[in-house]
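Take a first look at the fold below.

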Amino acid sequence: MAYLSGMIDSYLIPNSLFLPSIIFTNEETKQMIADEQLQSAIVTLYQNKKEYLKKIQSLVNENNLMEIQEKQDELKKLSELMGKINDDRLFSKDKQKVDSFKKDLEIVIQAFQK
């Protein structure tokens, strides 16, 4: 539980190198993600992910191992979905790659809303 709590804490700590922060503060990087809809979707994803992790953190704080274990399949699915968008399509100039990334990104965003 301590390890899980530490991993969540490290994710929730404000970090200026965190991708949404870079999108808003670094104009050069922002230009690499020229599609404004995509910029907004990335920020939404990380907001949803942060809220989800806060819920998990509350289970950890309550020492609710049973409910955390019940979420194991859900956590595995979310991890797999995040892997599908962990590539360079975000920065691609190829419209097909960007469109493909948008579709995958929307699936991930919806998964974190549940």
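The structure holds five salt bridges. A salt bridge here is a side-chain nitrogen of Lys or Arg within 4 Å of a carboxyl oxygen of Asp or Glu. Before we visit some of them, note how the values were made. This is a predicted model, where local features need pLDDT of at least 70, side-chain atom pairs count only at pLDDT 80 or more, and totals for chains, interfaces and linings use all residues. Residues are numbered from 1 along each chain as its sequence is written, and side-chain values use heavy atoms, with hydrogens and water left out.

Begin with E51 and K54. Their side chains meet in a salt bridge, at 3.5 Å from N to O. Both residues lie in helix α4, three residues apart, which is about one turn of the helix. E51 is partly exposed, at 43%. K54 is partly exposed too, at 39%.

A second pair is E74 and K71. Here the salt bridge spans 3.9 Å from N to O. E74 is partly exposed, with 33% relative accessibility. K71 has 22% and also counts as partly exposed.

Now find R89. Its side chain meets that of D87 in a salt bridge of 2.9 Å, N to O. R89 counts as buried, at 10% relative accessibility. D87 is partly exposed, at 32%.

Go back to α4. Helices are DSSP runs (H or I, at least four residues), and strands are runs of E of at least two; they are numbered from the N terminus. Helix α4 covers residues 36-61, so 26 residues in all. How far does α4 reach from its first C-alpha to its last? The span is 37 Å, close to the 38 Å expected at 1.5 Å a residue. That expected span is 1.5 Å times one less than the number of residues. Just after α4, N63 takes a positive phi of about 60°.

Helix α4 has partners. One is helix α7, residues 95-113. The axes of α4 and α7 come within 9 Å and cross at roughly 25°. Axes are lines fitted to C-alpha atoms, for helices over the stretch in contact, and angles run from 0 to 180 degrees between N-to-C directions. Angles under 35 degrees count as roughly parallel, over 145 as roughly antiparallel, 65 to 115 as roughly perpendicular, and the rest as oblique. Therefore α4 and α7 are roughly parallel to each other. Residues making the contact (heavy atoms within 4.5 Å) include L38, L45 and Y52 of α4 and F101, L105 and F112 of α7.

Another partner is helix α6, residues 72-84. It packs against α4 at an angle of about 155°, with the axes 14 Å apart. The two helices are therefore roughly antiparallel to each other. L45, K49, Y52 and I56 of α4 meet E74, L75, L78 and M82 of α6.

End at S5, in helix α1 (residues 2-12). S5 is buried, with a relative accessible area of 15%. Which residues does S5 touch, not counting those up to four places away in sequence? They are Q57 and V60.

Conventions:
Buried < 20%, exposed > 50% of the residue type's maximum accessible area, 1.4 Å probe, protein only.
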